[in-house]
Amino acid sequence: MNRICYKYILYVLVFIISPYVFQGVSLDHPSTALIAALVFVLVNTLIKPLLLLVTLPINIISLGLFSLIINTWMIMLMDKMVGGINISGFWLSAIIALIITLLNEVLLDEKRTKRRYRKN
């Protein structure tokens, strides 16, 4: 399957599980997580590269940690665009962004996967 499809499935799972883990997250219906994940993929594909380019100097100075802030902004933007999901506050969005970033690194890292299955 395509890498974007794996990310979409990961985002759906995170958005479905988040209301059970965090008190400040509410989801009207589980199907809302499908829409929220689709909007999040579109926002990450269209807007995030532009923000990364504009904030490149800050990102270099912070050694890449500002990317987490950009991911937080993307989650907050998705929250404003999708009506059935509510994430209360910047810090809760930052925690969800950190979880998504860590899961992307652990589950979808191609280099680690290639090393694991490389023939000796």
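Me: At roughly how many degrees do the axes of helix 2 and helix 5 cross?
Reply: This is a predicted model: local features need pLDDT of at least 70, side-chain atom pairs count only at pLDDT 80 or more, and totals for chains, interfaces and linings use all residues. Residues are numbered from 1 along each chain as its sequence is written, and side-chain values use heavy atoms, leaving out hydrogens and water. Helices are DSSP runs (H or I, at least four residues) numbered from the N terminus, and axes are lines fitted to C-alpha atoms over the stretch in contact, with angles from 0 to 180 degrees between N-to-C directions. Helix 5 covers residues 66–81, and its axis comes within 9 Å of that of helix 2, crossing at roughly 130 degrees.

Me: Are helix 2 and helix 5 roughly parallel or oblique to each other?
Reply: Angles under 35 degrees count as roughly parallel, over 145 as roughly antiparallel, 65 to 115 as roughly perpendicular, and the rest as oblique. The crossing angle is roughly 130 degrees. Helix 2 and helix 5 are therefore oblique.

Me: Which residues of helix 5 make the contact with helix 2?
Reply: Contact means heavy atoms within 4.5 Å. Helix 2 brings Ala36, Val39, Phe40, Val43 and Asn44. Helix 5 answers with Met74, Ile75, Leu77, Met78 and Met81.

Me: How far apart are the axes of helix 1 and helix 2?
Reply: Helix 1 spans residues 3–21 and helix 2 spans residues 30–46. They pack at an angle of about 135 degrees. That makes helix 1 oblique to helix 2. Their axes are 8 Å apart.

Me: What is the volume of the largest pocket?
Reply: A pocket is an open set of points on a 1 Å grid over the protein atoms alone, where a 1.4 Å probe fits, with protein on both sides within 12 Å along at least five of seven lines; lining residues have an atom within 4 Å of a point. Points are joined across faces, edges and corners, and volume is the space filled by probe spheres set on them. Here 18 residues line the largest pocket, with Lys7, Tyr11, Asn44, Lys48 and Asn104 nearest its centre. Its volume is about 390 Å³.

Me: Which helix gives the most to the lining of the largest pocket?
Reply: Helix 1, helix 2, helix 3 (48–54) and helix 6 (90–108) each supply at least two lining residues. The top contribution is 5 residues, from helix 6.
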